[in-house]
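Dear colleague,

I am handing over the structure below, and my notes on what was found in it follow directly after it. Please read them with the coordinates open beside you.

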Amino acid sequence: HCKAGQTEKACRIFERMCGSKDVPDVDIYFTEQHDGERPNVVTYGALVDGFCKSHRVEEARKLLDAMSMEGCEPNEIVYDALIDGLCKVGKLEEAQEVKTEMSEHGFIATIYTYSSLIDRYFKMKRQDLVSKVLSKMLDSCKPNVVIYTEMIDGLCKVGKTDEAYKLMKVMEENGCQPN
């Protein structure tokens, strides 16, 4: 339901999983053998991602907090979904806070984390911050075609086509073929 943009329906199913019996229209999702199953990291993750894709990042953030309070620890996929959602609505300070929280819980930033930050910084025309993020990324992981393409696109959009061309050459030298 989250992928289909039906977050309200997903929320009702989630409520039922959490023990509420007064949730209309969700009985078809439950059988006697599955009744009473508690939400897990996948359930929470799907709902966090659904909220973020619907630009309801405040609800996604609250759900992440509730998830931890319920004893279900988020994984890097859940953190990445929230970071991406926050970046897409321009809440970079909050995205950085979630990235820090992610690190404090033992997860390293992924290509997806860096991609979200790089995309937003380019949209804000903050190439200085893009360079910092890229530098941090290179300490922990190798850029893929998506990261290189984002960087090349961003450089072109700020009028730095010579740098974009040089980056494309570096990309090819590093064995990553442009698409």
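**Notes on the model**

Setting aside neighbours up to four places away in sequence, Pro178 is in contact with Met168, Met171 and Glu172. Pro178 itself lies in the segment that follows helix H9 (161-173), and it counts as partly exposed because its relative accessibility is 31%, which falls between the 20% limit for buried and the 50% limit for exposed. Pro178 and Tyr148 are 30 residues apart in sequence, while their C-alpha atoms are 8.3 Å apart in space.

Please keep in mind throughout that this is a predicted model.

**Overall make-up**

The protein has nine helices and zero strands, so that, read along the sequence, its pattern is α-α-α-α-α-α-α-α-α. Of its 179 residues, 40% are buried. Among the contacts between residues at least 6 apart in sequence, 52% join residues that are at least 24 apart.

**The core and Leu82**

The largest nonpolar core holds 46 residues, and the members that touch the most others in it are Val48, Leu82 and Met151. Helix H4 (residues 76-88) supplies the largest share of this core, namely seven residues. For Leu82, once the neighbours within four places in sequence are left aside, the contacts are Val48, Cys52, Val57, Ala60, Arg61, Leu64 and Val98.

**H4 and its two partners**

Two helix pairs involving H4 were examined, and I take them in turn.

Helix H3 (residues 57-69) packs with H4 at an angle of about 155°, their axes being 10 Å apart. Because angles over 145 degrees count as roughly antiparallel, H3 is placed in that class relative to H4. The crossing of H3 and H4 is left-handed. On the H3 side the contact is made by Val57, Ala60, Arg61, Leu64 and Met67, and on the H4 side by Val78, Tyr79, Leu82, Gly85 and Leu86. By class, the residues of this contact between H3 and H4 are eight nonpolar, one polar and one charged.

Helix H5 (residues 92-104) is the other partner, and the axes of H4 and H5 come within 8 Å and cross at roughly 170°. H4 and H5 are therefore also roughly antiparallel to each other, and their crossing is left-handed. From H4, the residues that take part are Glu76, Tyr79, Asp80, Leu82, Ile83, Leu86 and Cys87, and they meet Leu92, Glu94, Ala95, Val98, Lys99, Glu101 and Met102 of H5. The residues of the contact of H4 with H5 divide into nine nonpolar, no polar and five charged. Leu82 is listed in the contact of H4 with H3 and again in the contact of H4 with H5.

**Thr113**

What does Thr113 touch, apart from residues up to four places away in sequence? The answer is Asp80, Ile83, Lys99 and Met102, of which Asp80 and Ile83 are listed for H4, and Lys99 and Met102 for H5, in the contact of those two helices. Thr113 sits in helix H6 (residues 111-123), and with a relative accessible area of 0% it counts as buried, because the limit for that class is under 20%.

With best regards

Key: Residues are numbered from 1 along each chain as its sequence is written. This is a predicted model: local features need pLDDT of at least 70, side-chain atom pairs count only at pLDDT 80 or more; totals for chains, interfaces and linings use all residues. Side-chain values use heavy atoms; hydrogens and water are left out. A nonpolar core is a set of buried Ala, Val, Leu, Ile, Met, Phe, Trp, Tyr and Cys residues joined through side-chain atoms within 4.5 Å. Buried means under 20% relative accessible area, exposed over 50%, partly exposed in between (1.4 Å probe, protein chains only). Helices (H or I, at least four residues) and strands (E, at least two) are DSSP runs, numbered from the N terminus. Contact means heavy atoms within 4.5 Å. Axes are lines fitted to C-alpha atoms, for helices over the stretch in contact, and angles run from 0 to 180 degrees between N-to-C directions. Angles under 35 degrees count as roughly parallel, over 145 as roughly antiparallel, 65 to 115 as roughly perpendicular and the rest as oblique. A crossing is left-handed if the near helix is turned anticlockwise from the far one by less than a right angle, and right-handed if clockwise. Ala, Val, Leu, Ile, Met, Phe, Trp, Tyr, Cys and Pro count as nonpolar, Asp, Glu, Lys and Arg as charged, and the others, Gly among them, as polar.
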